[in-house]
Amino acid sequence: MTLLRACYCLMLLSWPLQAVEVVAHVSVSEQQLSTSQLRAIFTMRQTRWADGQPIQVFVLQSADDQHIRFSRSYLKMFPYQLDAIWDRQRFSGIGSFPVQVQSEEEMLAVLQQTPGAIGYLAAEIRSPALRVVVVHEK
């Protein structure tokens with residue numbers, strides 16, 4: 001049991017402590033979302049903002065550390081669960097798939113250029129074309 005605790009502590013210490021934030025294009029009027037609303041958006045069940053503007057979801061690759069952190073912290077899901085939902089919707093023809101980007105730099109660029117966009121970035125990345133969305137438990 002002691003060995004197991006030691007391994008767990010080492011794993012936590014080796015995990016980068018870079019915080020991730022949910023961000024949206026400045027055209028998005030919502031400044032706060034509940035966890036369930038965010039989950040509906042990222043599972044592609046909510047496709048429009050309250051003002052009727054289409055939502056464009058951007059994500060990093062499933063194995064990316066930021067994606068894992070975002071999925072676990074905000075959606076309360078594992079990335080493989082999110083992948084399964086997207087695959088099921090896409091292959092059944094009832095939903096779409098989010099746009100997958102290759103890096104945080106690409107994520108920053110597409111979020112800044114796409115009205116109605118939502119995604120996530122490292123907390124220290126700031127842009128006047130983006131707003132941080134506060135996520136709260138409901």
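Which residue in β5 is the bridge partner of Val 23? Select Val 23 in this predicted model and look across to β5, where Gly 119 is its bridge partner. Widening the selection to residues 20-25 and residues 117-122 shows strands β1 and β5, which run antiparallel and are joined by five bridges.

Next, bring in the rest of the sheet, which is open and has five strands with mixed pairing, in the order β4-β3-β5-β1-β6. Its edge strands, each pairing on one side only, are β4 at residues 99-100 and β6 at residues 130-132.

Residues 65-75 form helix α3, which lies across β1, β3 and β5 and runs at about 90° to β1.

The next stop is helix α4, residues 79-92, whose 14 residues reach 20 Å from the first C-alpha to the last, close to the 20 Å expected at 1.5 Å a residue. Select Pro 79, Leu 82, Ile 85, Trp 86 and Gln 89, which are the buried residues of α4. They cover an arc of only 125° around the axis, and therefore sit on the same side of α4. An α-helix has 3.6 residues a turn, so residues three or four places apart point the same way. Among the elements that cover the buried residues of α4 are α2, β3 and α3, whereas Tyr 80, Arg 88 and Phe 91, on the other side of α4, are exposed.

Finally, select Gly 93, which follows α4 and has a positive phi, near 80°.

Conventions: Residues are numbered from 1 along each chain as its sequence is written. This is a predicted model: local features need pLDDT of at least 70, side-chain atom pairs count only at pLDDT 80 or more; totals for chains, interfaces and linings use all residues. Side-chain values use heavy atoms; hydrogens and water are left out. Two strands pair if DSSP finds at least two bridges between them. Helices (H or I, at least four residues) and strands (E, at least two) are DSSP runs, numbered from the N terminus. Contact means heavy atoms within 4.5 Å. Axes are lines fitted to C-alpha atoms, for helices over the stretch in contact, and angles run from 0 to 180 degrees between N-to-C directions. The expected span of a helix is 1.5 Å times one less than its number of residues. Buried means under 20% relative accessible area, exposed over 50%, partly exposed in between (1.4 Å probe, protein chains only). The arc is that of the directions from the helix axis to the C-beta atoms.
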